Amino acid sequence: MSIPIRSNICSFQKRLLYIGILFYMLQGIAQTQIEITYDSIYNLSIPATEKIAIFKKVILPATADDKEAFANVCYRIAVLCYNADRKSGIPFLHKELSLRQQLEKPNKKLIAKAYYNLGNFYWFQRDYNNSLKYHDSLISYVTIPDKRCGIAYNTMARVYKNTGDYQRALDYFAQSEAILKKVKAPKSLLDTYINKLSLYVAQKYRITPTDFKTLENEVLQLVEEVNANDNQRLMILFNLGAILYTNQKNEASLAYYNQSLPIAEKLQDSLRIAQIYTNKALIHAKKGATGEAFSMNETALLFTKDEANQKSIIYDNLGDLYIASKQHKKALTYYNSAMNALLPFAWENNKNLPDYERIIASPEHTAIVSYLIDKQNGWLDFYDATQDKKYVLAAEQTLQLIDKIIDHLYFESKEKLSKLFWRKKGAKLYVNAVKICYLLEKPEQAFYYIEKNKGILLLDNISAFAAKRIAKLPQEVIDKEYALSKKVKDLEQKIISTTTSDSLKEHYFTAKESYYKYITEIEQTYPEYQRYRTSLPMLSVENVQKKLAENEVVIAYILGTEVGYVLLMNQKMKKIVPLNHLKQLKNRLFAFQKLYTKPFETTRDAANFQQLGNEIYQNLIPFQEDTIYSKATKLTIIPDGFIHALPFEILPINILESEQNSYLIEAKEISYRYSFSLDEKNNEQPSKDVSKSTAFMLANFQDSTLTRLTTNPTKLFNNATFINEHATKKSFLNAYNTSSQLYISTHAGNTNDVPWLAMFDEKVYPNELYFLNNPKALVVLNACKTSAGVFKEGEGVFSLTRGFLNSGSKSVVATLWNLNEKSGAEILKSFRSNIEASQSKSKALQNAKLAYLEKYKNTSQSSPYYWGGMILTGNTEAIPTPINIWKIIGLSMAAVIMIAFYLTYRKRSNINKSSENIKNSLDDFDLEEENSSFKNN
């Protein structure tokens with residue numbers, strides 16, 4: 001219907017009306033159909049969730065010529081979803097990203113924003129793979145990292161934290177910090193610090209007082225700078241308190257909790273209030289105030305409401321308190337409740353365990369493993385209180401599940417230090433595992449756990465090489481993986497040996513990420529590689545027994561904090577014995593070490609050595625009267641913990657009235673192993689020409705900090721010997737690739753727990769050996785402390801011996817202390833002669849030491865300091881004598897010539913004898929004839 005216009009309207013009013021009509025017409029032309037549709041739905045007076053449902057039906061399937069306008073509409077809908085239904089926003093963000101990528105002139109900032117938003121939306125859905133994918137796409141897409149990239153690194157770090165990859169999370173937090181500091185985004189930086197602190201809490205991160213003070217000052221200053229809100233202050237104070245608790249600073253921890261509680265109450269943050277009471281309860285439990293601890297946990301439960309994670313923590317803590325109160329049934333019920341709170345299925349039966357596959361699928365698997373370990377310890381404590389074996393059987397069943405889960409999580413981690421996190425979990429578990437085997441009289445299972453405790457980390461590197469070979473990876477794939485891995489190792493070494501700069505950290509982070517991504521790509525492309533890579537075959541006790549000599553016994557140790565175990569085994573029998581009072585034994589060993597690492601100066605030194613050494617011998621070998629041990633002439637020792645620094649050869653086996661010691665080496669041939677499974681893997685790899693031996697003999701070094709060695713280097717044997725300036729790092733690495741035996745006399749040391757071996761111009765580090773993977777029949781290291789190293793729980797000893805074994809060497813002879821140069825060279829020369837005489841490696845070293853002892857008997861040079869520090873680790877078999885075909889031909893020709901000469905000689909001798917006989921016969925005949933004639937006449 002038309003509207004009549006009165007003729008008396010003034011011209012001004014007409015113009016105003018025409019402008020209005022034109023404005024609305026132009027607006028209709030400028031606004032696209034997709035935008036009109038969006039507006040019409042958005043302006044409906046209905047809840048946001050209903051609008052989103054309509055958008056899904058109308059907008060998602062639609063098409064539009066104006067892709068930019070369509071992309072803008074999708075973004076607006078995603079904004080609506082952010083507050084109402086984030087999951088529904090994801091398909092709109094995907095559509096937005098796709099449309100923006102199709103534009104002739106894409107807006108890079110808006111594409112980066114779409115990547116960022118997708119990463120965040122997936123994070124909120126706990127779809128961690130996609131969150132990482134789109135945040136990674138953002139970082140790859142942006143040329144110069146900006147604030148959004150810094151926040152993305154923060155989110156990715158949280159993903160790695162939640163999936164248990166703690167070291168990678170720390171790396172990503174560091175990247176986030178670096179970017180946000182550079183772009184001066186203090187508020188976002190504070191969020192990163194808050195999340196980093198929460199990681200330290202989850203990881204139970206050990207931090208030095210100095211490092212904590214630095215971190216504390218930096219965070220608290222930032223709080224004031226950005227005028228942090230109460231929520232942020234609460235989280236920071238709480239996390240600082242939790243970190244202090246982990247580092248056993250209970251009073252300082254309690255002070256932070258007391259500061260955080262009023263803020264939590266002001267905010268009415270019931271979950272945080274519950275966490276504060278829970279953590280304060282832990283401090284009271286440590287103090288022995290059990291009643292106070294119970295009360296605080298009960299208060300915490302009142303504030304927890306339906307928060308599953310916090311409930312599980314409280315239930316687990318209550319389980320620990322009931323164990324301390326010897327109420328085991330209640331304790332086990334609470335451990336079950338802790339797991340039930342996190343598992344997406346009902347489970348409440350003490351006689352059964354949660355399903356392995358479903359635990360692995362749970363995002364809370366880290367916590368569940370901890371609760372299972374607590375439950376296993378609860379079963380063992382129940383046994384200790386009742387002596388009822390059924391509780392040990394329940395502990396065994398729990399142990400088997402834990403072991404399986406930790407293996408899975410260990411192999412899922414690509415980051416080295418994340419692997420170590422799970423490895424340490426396992427190491428603590430295995431002492432109790434051996435206790436279970438001891439109580440159930442299962443020594444074969446005890447051997448499995450002892451071997452596993454030693455072998456997993458050591459086998460990891462060798463297994464990676466074997467997996468590439470078995471899976472038949474193309475050479476170009478192997479070469480690229482090698483190059484990426486080597487770059488990471490080289491940068492690691494630079495970080496250890498130089499002052500670390502931000503630039504170096506950035507390169508290191510980038511190199512690691514490139515390596516991890518390529519490994520993931522290999523695993524997806526070649527599934528066989530992944531399967532072989534994660535299968536580390538541990539030798540069974542039966543296989544080990546088959547390989548033992550008739551007169552050989554194995555003595556394997558595993559040590560806990562208070563109690564340890566020693567396993568004795570020969571070809572037919574095996575038994576476990578507990579080692580008690582470990583702290584006392586450790587103190588004795590340290591006192592003993594001070595005696596044997598220097599020459600005896602007085603008769604009192606010798607007497608003290610004899611007395612203390614014999615006590616240690618009785619402690620460490622508590623089965624001297626057992627026929628398995630007494631009849632053995634060969635010992636294979638698998639040490640653990642603080643025992644690694646002890647050479648068993650020097651132990652006095654009895655106390656004599658005379659000053660003359662009677663050492664174990666005089667009765668037994670001794671060698672050491674890190675792991676039978678490692679040695680088996682190394683033995684599978686054939687060594688190169690066993691006749692090729694190379695020596696590196698150094699006294700001078702370019703590095704002025706390395707003192708000159710007093711013994712003049714000489715040619716050790718007929719094969720190649722590199723002396724002083726010719727013994728370079730390059731010549732060493734080349735020889736490593738071509739020789740089967742290496743003899744090295746030089747300096748060695750340790751920098752930041754990383755061992756090194758000095759060549760004339762540079763140092764050689766174990767990392768550089770791992771890539772060579774060229775098996776050696778024997779490596780001899782005549783240098784200071786090459787078998788000694790830093791022992792780390794769950795990781796073992798970091799030494800040069802370990803480095804050479806891990807790179808494929810079958811046997812390593814190395815030293816445990818700063819051995820005397822002269823005596824070391826003398827023993828080494830004798831050992832070399834014995835090896836050439838086809839003696840086994842262990843016998844060759846024993847005989848070399850016995851010869852030295854005999855030579856210097858009743859002199860000060862017979863002190864164990866001079867001869868005891870050189871030990872053999874690994875394979876003990878004799879090195880086969882190489883077949884020299886030219887030598888055989890030469891000897892054969894010589895034999896033929898000698899035989900021919902002999903036959904010729906005999907022939908001539910016979911002819912001469914015949915002639916003489918004929919002559920004699922003729923002479924006799926003539927005489928007789930003459931006599932006859934005379935008679936006849």
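Me: What makes a residue count as one that Asn834 touches, and which residues are these?
Reply: Contact means heavy atoms within 4.5 Å. Leaving out residues up to four places away in sequence, Asn834 touches Gln839, Ala844, Asn847 and Ala848. This is a predicted model, in which local features need pLDDT of at least 70 and side-chain atom pairs count only at pLDDT 80 or more, while totals for chains, interfaces and linings use all residues. Residues are numbered from 1 along each chain as its sequence is written, and side-chain values use heavy atoms, with hydrogens and water left out.

Me: Why is Asn834 called buried?
Reply: Buried means under 20% relative accessible area, exposed over 50%, and partly exposed in between, with a 1.4 Å probe and protein chains only. Asn834 has 13% relative accessibility, so Asn834 counts as buried. Its place is in helix H34 (residues 821–836); helices (H or I, at least four residues) and strands (E, at least two) are DSSP runs, numbered from the N terminus.

Me: What makes Trp379 count as buried?
Reply: Trp379 has 8% relative accessibility, and therefore counts as buried. Trp379 lies in helix H19 (residues 365–386). The C-alpha atoms of Trp379 and Glu396 are separated by 9.1 Å, with the two residues 17 apart along the chain.

Me: How do you know that E10 and E11 pair?
Reply: Two strands pair if DSSP finds at least two bridges between them. Strand E10 (residues 754–758) is joined to E11 by 2 bridges, so the two strands pair, and they run antiparallel. Leu757 stands opposite Val764 in E11.

Me: Why do strands E9 and E11 stand at the edges?
Reply: The open sheet has 3 strands in the order E9-E10-E11, with antiparallel pairing. Strand E9 (748–751) and strand E11 (763–764) each have a single partner strand, so one side of each is left without a neighbour in the sheet.

Me: What is the mean pLDDT of the protein?
Reply: The mean is 82, and 81% of the residues reach 70 or more.

Note on methods. pLDDT is the predictor's confidence in each residue, from 0 to 100.
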